[in-house]
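Hi everyone, thanks for making time.

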Amino acid sequence: MRRKCRIWWPKQLSSAQLSCCKFLFGWFVTCSSDSLDIVVAFAANHKYSLNLQSGLQETLHSINDNMHVSLQDKSKFSLLGQYRSCLGHGQNGLVEDDMRSSCTHGVDGVSKCCGQRSCGCLKLDGVLGQCRQTSIESSYWIELAFDSLHLQAKGIHWVPKLHHLHWKREIVFQCDVHVILYEIPIYGAHHFSLRYWNSSEQGKASLKKPQWVDELQQKQPLNDMDTVVLAINSAAAAQIIFERHDSCKQSSANTPIILMFCTFVWHILAMSLASLSTIFYIFLQFFHSFLNFESQSWIYSASAKAFSNSWINFRIRCCQILYWPIFLKDNDLRSQTSVECAEKVALHKHSLWSSLVVDIFLGDLIGLALLFHAESVCSWVSNFASDLTNELLRSGSVWLMGVPAGFKLNIELAEVLGMISLNTIQIWSTLWIFVGSLFIYFIKGLGILAILLGVTIPAALVIDMIVIVTLHVSTLHWFISILYSQQLHALAALWRIFRGRKWNPLRQRLDSFDYTVKQHVVGSLLFTPLLLLLPTTSVFYIFFSILNTAISLSCMFIEVIISVIHATPFIKIALRLIKPQRFPLGIWFEIIACHNSSSHSPWSAYINRNSFPVDEAPQKEDIDRTVSSVLISVLHSNYLSIGQMVLPHFRKAFSGVSRSYIAMSVFGLLSGNKVASSMGATLPSTMPWLCIPYKEYWCLCRNSILACTVDCNYNRCHDS
């Protein structure tokens, strides 16, 4: 097969002025025997590389050690070759003559190496020469010329042109070349990616794949795009480490005064925030010890059940506050070499504090509003509760004891159920008269709690308070639902007697059964009154089911707000609005030039059919195969929309809400069974309680803040 070569070329090199000779550094990525990807990370000046050649092997080894593990397994950072401007002129000059006289002809533009300089490569001495010879013997070595390509709108002045390629002890002059220009990814600016950032959530499809998809996946791919993209994203880090290995040899004693002052101020800020966090840590540890001491009492157990939502959200918030230095401190320095991995690590690292800041900011707004309007809020809630109790509950119960909507009900049963409801409402209202005077303090405490701990904890506390305040409604609904469901089950069992059927609980089916005459008579006597009393029970059940469902929906609405605040990636949305390039989704190529090098290629220039014997002369199709095609394109990225970014988080948060959940709720509501009062939305997982010495926690907080300047420290550490 015809050989293919893709050269991934930094766009910055084509935008700069052309120099005489430069060495290329990067990765050779192979996926098949006839396909080669050459990822050029950067180019170094000839004189600059000669200064480095004493420690070139150590530099390349250091760069490889700092690369991503997946990239280390697939490819090795090395000296790729060189490009020279002198190779771009005189295509029929001395270089071609040397090649004709020193290479053995072959088909597909391939010839056997006969010597170190027979191909026209520049002679190198020292370590550079050893690197070149090792690369030629073991893997690859590339020699590039340049081609003029004036695209002023894109800032491209020239593009590389393949002169020849050492392909595992063979010299390749002609092959299909695809030159891909890319902008070097920079952390905080842009990078490249082939898939969704949340690919784990996107790829969970339960549909069975067709057979042709499995067969296609089993075929060997033409190129390893994952490794290529990973190498492109690591190009900037490789260049930084390479340049710093040279700068560390020079005198580094002259440190700017401004940098020293900024470092001093940053240390002061780190110590101040660490001290403040340690004070808060001591308070939380004392509060946690007190709760553990009282955890065996019945008061603790009852309050934990009554305020379950508040306790869960409070535990989440405490873990977020305690674990922020651990999340902020980046221990995986290797991930910084790949811009894509560094972006993911940074977003994961900053997602905790960004969610915490937004939560506290919303809590400050709502808390200040509650503090300044506490009396108005207290008056409105009291009036609403009074109207709900008097106008809806009492009036509704009295209305059901009469002739509601013209339905003729059983008077005795309606009076019994109505009096039970009225007495329960009156007892609960009397109890809350004494608590109403303290309600304004609850509103103020809610505002203070929102200011200190954010809006989610007061919202969870509101859910628990709604459940406690409406306990009489839920109790009446529970009582009447038991009566209604038992009545339905009894009617269903009596109806099966008339049909001669019996429920088999072991096999979960209806079997035929011969009932006696006495059983039929007793069934007839019980079926008639139960059927006639069903409308009265149903009316009361519908009334209290509507009230209880309305209360549950209001609690679910607040629960949705809490889950949305926890699940929303605020830092991603902010960065997406500012810099969409930081969230790529797939790549695409913009073709800017495409041509065949049949008339200008050095190989076709010296092929002479008369120089071969008649039986060995290459045919026209063999000569056409030596004509190389050159494709030049620019690498671009698609970008995630805000919806594509946010939906996976919301889908994960509300994964428990499905059609089956809604169907079961509706069935339970119609049959009188228990219905879940919460949606079961997924909240952030609570971590084990952090309990370490105070001094160690202070050092952890300080080091995590100092780790924000990890770029400088990271490079110094690996340069030394």
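Let me start with a pair of helices: α21 and α24 are roughly antiparallel to each other, because angles over 145 degrees count that way. The pair is α21 (residues 570-578) and α24 (residues 642-653), packed at an angle of about 170° with axes 10 Å apart. Those axes are lines fitted to C-alpha atoms over the stretch in contact, and angles run from 0 to 180 degrees between N-to-C directions. On the α21 side the contact uses K572, I573, R576 and L577, and on the α24 side I642, M645, V646 and H649; contact here means heavy atoms within 4.5 Å. Sorted by class, that contact has five nonpolar, one polar and two charged residues. For the classes, Ala, Val, Leu, Ile, Met, Phe, Trp, Tyr, Cys and Pro are nonpolar, Asp, Glu, Lys and Arg are charged, and the others, Gly among them, are polar.

A quick word on what you are looking at. This is a predicted model, in which local features need pLDDT of at least 70 and side-chain atom pairs count only at pLDDT 80 or more, while totals for chains, interfaces and linings use all residues. Residues are numbered from 1 along each chain as its sequence is written, and side-chain values use heavy atoms, with hydrogens and water left out.

Now the overall picture. The chain has 27 helices and 13 strands, taken as DSSP runs (H or I, at least four residues, for helices; E, at least two, for strands) and numbered from the N terminus. Of its 720 residues, 42% count as buried, meaning under 20% relative accessible area, with exposed over 50% and partly exposed in between (1.4 Å probe, protein chains only). Among contacts between residues at least 6 apart in sequence, 81% join residues at least 24 apart.

Next, please find helix α11. Which elements do the buried residues of α11 pack against? They pack against α12 (298-306), α13 (308-328) and α26 (694-706). The buried set in α11 includes A270, A274, S277, T278 and Y281. An α-helix has 3.6 residues a turn, so residues three or four places apart point the same way.

Its partner α26 has 13 residues and reaches 18 Å from first C-alpha to last, close to the 18 Å expected. In α26, Y697, L700, C701, S704, I705 and L706 are buried.

A238 sits in helix α10 (residues 235-247) and counts as buried because its relative accessibility is 0%. Beyond its neighbours within four places in sequence, A238 touches W27, F42, I63, M67 and F77. A238 and F42 are 196 residues apart in sequence, yet 8.5 Å apart from C-alpha to C-alpha.

R2 comes in the segment before β1 (4-10). Is R2 buried or exposed? At 18% relative accessibility, R2 counts as buried.

Last, the cysteines: the structure holds zero disulfides, a disulfide being a pair of cysteine sulfur atoms within 2.5 Å. C594 is exposed, at 60% relative accessible area, and C691 is exposed at 60% too.

Note on methods: Angles under 35 degrees count as roughly parallel, over 145 as roughly antiparallel, 65 to 115 as roughly perpendicular and the rest as oblique. The expected span of a helix is 1.5 Å times one less than its number of residues.
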